[in-house]
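This report goes through a surface patch, the overall fold, the charged pairs and a pocket in turn. Please keep the sequence and the model in view while reading.

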Amino acid sequence: MFDLSWIELGFVAALALLVIGPKDLPKMFKMINQFVTKAKRTINDVKGGFKQLENEIRIVEGTTTESTNWKQLLPEDIRNLPDDFIPGSQNAEYHNNRAQQIANKKAEVEQSQNAQLEQPAASTKQEQIQ
């Protein structure tokens, strides 16, 4: 850790206690913690942005090893827009109705998947009884 020994760290801690004071020392540590947390978050955001950019470049170049469709990179709301959608051409009520239709369709799909999972379990129970 910065090539400091325990004696040097203790000296720095005692000096901070004298200069800052025991009353304000916890506040200083809290401010340092907030700064470090924000710095880590910013660094992770930048790394994520670069990773996303690299993925997009690979897709455009056609050098990606994955079978990634560019539409998978879009947010889900945009991904589900109709093909004939023109921005600004439809009102908020239409968008709300469309969102409700999408939610209903997802619920139907989940129910059908759950029903398919339950059918084999029920048939195996009947076979075990016979």
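Predicted model: local features only at pLDDT ≥ 70, side-chain atom pairs only at ≥ 80, totals over all residues.

Phe 11, Val 12, Leu 15, Leu 18 and Val 19 together make a nonpolar surface patch of about 570 Å². A patch of this kind joins nonpolar side chains (Val, Leu, Ile, Met, Phe, Trp, Tyr) within 5 Å, taken from residues with over 30% relative accessible area and no salt bridge, and the areas come from the Shrake-Rupley method with a 1.4 Å probe, where for residues only the protein chains shown count as cover.

Residues are numbered from 1 along each chain as its sequence is written, and side-chain values use heavy atoms, with hydrogens and water left out.

The protein has four helices and zero strands, and along the sequence the pattern reads α-α-α-α; helices (H or I, at least four residues) and strands (E, at least two) are DSSP runs, numbered from the N terminus. Of its 130 residues, 2% count as buried, where buried means under 20% relative accessible area, exposed over 50%, and partly exposed in between (1.4 Å probe, protein chains only).

Side chains of opposite charge can pair when their charged atoms come close. A search of the whole structure finds two salt bridges, each defined as a side-chain nitrogen of Lys or Arg within 4 Å of a carboxyl oxygen of Asp or Glu.

| Salt bridge | N to O distance | Relative accessibility |
|---|---|---|
| Lys 27 and Asp 24 | 4.0 Å | Lys 27 53%, Asp 24 35% |
| Arg 58 and Glu 54 | 3.8 Å | Arg 58 36%, Glu 54 42% |

Lys 27 counts as exposed, whereas Asp 24 is partly exposed. Arg 58 and Glu 54 both lie in helix H2 (residues 25-61), four residues apart, which is about one turn of the helix.

The largest pocket holds about 170 Å³ of space. On a 1 Å grid over the protein atoms alone, a pocket is an open set of points where a 1.4 Å probe fits, with protein on both sides within 12 Å along at least five of seven lines, and lining residues have an atom within 4 Å of a point. The lining includes Glu 76, Asp 77, His 95 and Arg 98, and its largest share, five residues, comes from H4.

Methods:
Points joined across faces, edges and corners; volume = space filled by probe spheres on them. Patch = residues over 30% accessible without salt bridge, like charges linked within 9 Å, V, L, I, M, F, W, Y side chains within 5 Å.
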